[in-house]
Amino acid sequence: MSIFPTLTNKTYVVMGIANKRSIAWAIAKTLDEAGAKLVLTYAAERFKSSLESLASELKQEAILLECDVTNDEAIETTFRSIHEQAGEIQGIAHSIAFADKEALRGEFSEMTRGQFAQALDISAYSLTAVVKAAKPYFASDASVITLTYLGGERVVPNYNLMGVAKAALDSSVKYLANEYGPHGVRVNAISAGPIRTLSAKGVGDFNSILSELEQKAPLRRNVSAEEVASTGLFLLSGMGSGVTGEVIHVDSGYHIL
Ligand code: NDP
């Protein structure tokens, strides 16, 4: 008997695929492999065609929808449309973050009020906005995951403003898990180790973060997006049915040091 979960006929929404290096893309491929029906969202029209060509690599045909998470109306419209086209929602992978890269280097306190508001809006508040919009359409045992990072728990050089955003995100996961638990909906975060992606490029001296982990983490190597995705599959499927409000570290054990 295979322990690999089967997600046939179940709808999952994956938000945050910028390109083939995106963690969200690894999650989409893993869910597709398990037979899930996928809805992929992109931030703006200009990203649609590159997502279309990526999506053509999936086994199942995916539904592609635009969703800028800074716009409540757009989020509500997207989730209504998902329900109309794909029925109830079994799970959501929220893999979205943004901060002005000037605030991801140098002195922490040099950031501006505007940079702070934007980073917290896109990287933390958007999870709550998305869960709220999906509420009427969730399956009775739905599961939501988001992506976080150790820089929200402790100081990581240059992570600065994004550390504050991740702390807010981690806390949102707990409050959402508590609120939605009675409805059967689970909410968890995966704290991924550093992975070379478009967003990661914005963090000052990212290479040092990678090499520090490689030298010191218990497993003495960096993690892949695919390893993050398989923990995502565990949390998003029935395999993780007893887990909510949790932050699971997929970082070669670096967080224990
Ligand atoms: P990517 O750059 O590939 O993904 C980030 C995604 O966020 C992009 O698809 C981007 O869309 C999207 N996004 C930004 N603003 C908006 C918006 N207003 N509306 C909708 N989508 C938006 O990087 P990652 O895969 O690395 O990042 C995914 C998540 O993983 C983030 O939360 C990140 O903080 C987290 N993470 C990453 C780690 C790493 O080392 N890479 C480590 C730990 C956590 P677009 O580009 O089209 O604007």
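Helices (H or I, at least four residues) and strands (E, at least two) are DSSP runs, numbered from the N terminus. The structure described here is a predicted model, in which local features need pLDDT of at least 70 and side-chain atom pairs count only at pLDDT 80 or more, while totals for chains, interfaces and linings use all residues. Residues are numbered from 1 along each chain as its sequence is written, and side-chain values use heavy atoms, with hydrogens and water left out.

An open sheet is formed by 7 strands in the order 3-2-1-4-5-6-7, with parallel pairing, where two strands pair if DSSP finds at least two bridges between them. Strand 3 (63–66) and strand 7 (247–250) are the edge strands, each of which pairs on one side only. From one strand to the next the twist averages 20°; angles run from 0 to 180 degrees between N-to-C directions, and axes are lines fitted to C-alpha atoms, for helices over the stretch in contact.

Helix 4 (residues 113–134) packs on this sheet and touches strand 1 (11–15), strand 4 (89–94) and strand 5, touching being a contact of heavy atoms within 4.5 Å. Helix 8 also packs on the sheet, touching strand 1, strand 4, strand 5, strand 6 and strand 7.

| Helix | Strand compared | Angle between directions |
|---|---|---|
| Helix 4 | Strand 4 | about 170° |
| Helix 8 | Strand 6 | about 165° |

Strand 2 (residues 37–42) and strand 3 run parallel and are joined by 4 bridges, and Tyr42 stands opposite Glu66 in strand 3. Strand 5 (residues 138–148) runs parallel to strand 6 and is joined to it by 6 bridges, with Asn188 in strand 6 as the bridge partner of Ile145.

In a regular strand the side chains alternate between the two faces of the sheet. Strand 6 (residues 186–192) is mostly covered, with 7 of its 7 residues buried, that is, under 20% relative accessible area, whereas exposed means over 50% and partly exposed lies in between (1.4 Å probe, protein chains only). Arg186, Asn188, Ile190 and Ala192 are buried on one side of strand 6, and Val187, Ala189 and Ser191 on the other.

**Helix 1 and its surroundings**

Helix 1 (residues 23–33) packs against helix 8 (residues 225–236) at an angle of about 55°, with the axes 8 Å apart. That makes helix 1 oblique to helix 8, since angles under 35 degrees count as roughly parallel, over 145 as roughly antiparallel, 65 to 115 as roughly perpendicular and the rest as oblique. The helix 1 residues Ile23, Ala26, Ile27, Lys29, Thr30 and Leu31 meet Ala225, Glu226, Val228, Ala229, Leu233 and Leu236 of helix 8.

Because 9 of the 11 residues of helix 1 are buried, this helix is largely enclosed by the rest of the structure. The buried residues of helix 1 include Trp25 and Asp32. After helix 1 comes Gly35, whose phi is positive, near 95°.

Ala36 has its place in the loop between helix 1 and strand 2, and counts as buried at 0% relative accessibility. Leaving aside neighbours within four places in sequence, Ala36 is in contact with Leu7, Lys10, Tyr12, Leu31 and Gln60.

**Lys48**

Lys48 lies in helix 2 (residues 48–55) and is partly exposed, with a relative accessible area of 26%. With neighbours within four places in sequence left aside, Lys48 is in contact with Tyr42 and Leu64.
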